[in-house]
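Me: Hi! Could you walk me through this model? I'll have a few quick questions.

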Amino acid sequence: MKENVLARYHVIPLPVQLAPFDGVFTLTQSTRIFVWPEARGVGEYLQELLPFSLVSNHIHNDTIPAGGILLTNTGASTLLGSEGYHLSVSPAAVVVRANQPAGLFYGVQTLRQLIRADSGTIPAVEIVDRPRFPWRGIMLDVGRHLFPLKFIKRLFDVMALHKLNIFHWHLTEDQGWRIEIKKYPKLTKIGSRRTASPIPSDHEKLDEKPYQGYYAQDHIKEIVAYAASRFITVIPEIEMPGHSVAALASYPDLGCTGGPYKVRNYWGIEKDVFCAGSEQVFSFLKDVLDEVLSLFPSKFIHIGGDECPKSLWEQCPKCQDTILRNNLKDEHELQSYFIRRIEAYLNARGRRMIGWDEILEGGLAPNATVMSWRGMEGGIQAAHEGHDVVMTPTNHCYFDYYQSADVSTEPPAIGGYLPLETVYAFEPVPPECTAGEAQHILGAQGNLWTEYIPTPKQAGYMLFPRATALAEVVWSAVEKRNYPDFEQRLQAFLPLLKKMGMNYRGN
Ligand SMILES: [Zn+2]
């Protein structure tokens, strides 16, 4: 009996507290929505989600609620924080309370999962909920393959349903520069085009089909604004000093040898990287970052920093001279010097720098945040040194890995094996961390590298439901997580993805 009752409340991610009650609230065409004026957009959003359309003048300010749905401000509840909410459903009314519009938005995400579309009813319940972590992210690599704006917006709609709030946009790569920079038009004229790509079944062979494309600044503004309407922050990534041959192909003076360079056709790591001893490189990157900062209001700016081969720096007179003049020990310290200069530039403009865990090598920049991908160790070290951390270890967060041990049944992928249950079992705070260090773990993120993911359909297949499991990891209380229970709730959740036009594995 209890199980049947609770089956009516299959919410993902699992709320912190959920108390079921008897009875239902029934939506009708005359149900009115009352909204705290500051959150009117959330009221309009809810109206669009309801199973039938209400007349728009049914949205009112929240002064005199008389039945209906009320989205209101709590004042300042320390319990709810900036993203938490209190949802109360009774036969008489639905009330969502929050400190901030973001909390109301997440209350609405829970509410929409409780609506029984067939009957237009919502079971009575009291929910108090707030996220465990502030950083609940998804990364999309558009360097290897581009994705249409329409897909990215749909992804935001689906992320919102999951209460995911960070979209990390990997915009530059060896295989393609994808962001328009007005001061350097060749970055997109030359850097966004490769002459061929590896074929999925054999990455040593090329298809000989040109591949090209980029996001114009107007499109980027559109994406950033749409994300904001879904309470998602877009964090741009401009890769440096490695993964940069598309930029070198456009402006060969930025490399150690002067080129010529080609946008890379194969996957993998290119040995040609930005020259770390060239003042021209720093001027170029500062110009690029100026345009990036004008497009992206995010506090964090991602500068890559991963997988940077040092062999050309070892032979470059300018790089070696910079090592000597700055008393650096080796090329790892040269990379650290490079990253520190970039960090100082970003900090002076009120932004924070984040990079992959290789930025630890040669010494971490003073205020850097570390994205730990080669396991948890980089994150542990960074937290120990008092730096903030986002956990994205390959073994739990790389959604380009296979989802089945039997790869013959799966589309070609980059390798690895990351089944749904392993994502669900992820714990972003490692036992090595003290309570103080744990405060530095901002959250976690699922990464979608797209070497083997050319289409939105394939992206959906690789992302979901693994991102659904991750959403519960970063939102819900760790002691309440239970995989069989999650699997059961997932059965009710997945049809929502289908309805939203997002592909997933098992569809
Ligand atoms: Zn050099």
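Reply: Happy to, starting with the metal site: along the sequence, the donor residues of the zinc ion are spaced C-x18-C-x40-C-x2-C. Donors here are N, O and S atoms within 2.8 Å of the metal (3.2 Å for Na, K and Ca), and water is not among the atoms, so sites may look incomplete.

Me: Which atoms coordinate the zinc ion, and at what distances?
Reply: The SG atoms of C256, C275, C316 and C319, at 2.3 to 2.4 Å. C256 is in the loop between helix 7 (245–250) and helix 8 (279–295), while C316 is in the loop between helix 9 (311–315) and helix 10 (317–325), so this pair, 60 residues apart, links distant parts of the chain. Helices (H or I, at least four residues) and strands (E, at least two) are DSSP runs numbered from the N terminus.

Me: Why is the arrangement tetrahedral?
Reply: Because the 4 donor atoms subtend angles of 107 to 113 degrees around the zinc ion; four donors count as tetrahedral if all angles lie between 85 and 135 degrees.

Me: Is this predicted or experimental, by the way?
Reply: This is a predicted model: local features need pLDDT of at least 70, side-chain atom pairs count only at pLDDT 80 or more, and totals for chains, interfaces and linings use all residues. Residues are numbered from 1 along each chain as its sequence is written, and side-chain values use heavy atoms, with hydrogens and water left out.

Me: What's the mean pLDDT of the chain?
Reply: The mean is 94, and 95% of the residues reach 70 or more; pLDDT is the predictor's confidence in each residue, from 0 to 100. Over residues 1–5 pLDDT stays under 50, and the model has 2 contacts (heavy atoms within 4.5 Å) for them beyond four places in sequence.

Me: New topic: where are the cis peptide bonds?
Reply: One joins M240 and P241, with omega about -10 degrees, and P241 sits in the loop between strand 16 (233–240) and helix 7. Another joins F464 and P465, with omega about 10 degrees; P465 lies between helix 16 (456–463) and helix 17 (466–475), in the loop.

Me: And what's the phi of F231?
Reply: F231 has a positive phi of about 60 degrees, although it is not a glycine. You'll find F231 in the loop between helix 6 (217–229) and strand 16. For context, most residues other than glycine have a negative phi, and most peptide bonds are trans.

Note on methods
Tetrahedral: all angles 85-135°; square planar, octahedral: opposite > 155°, others 65-115°.
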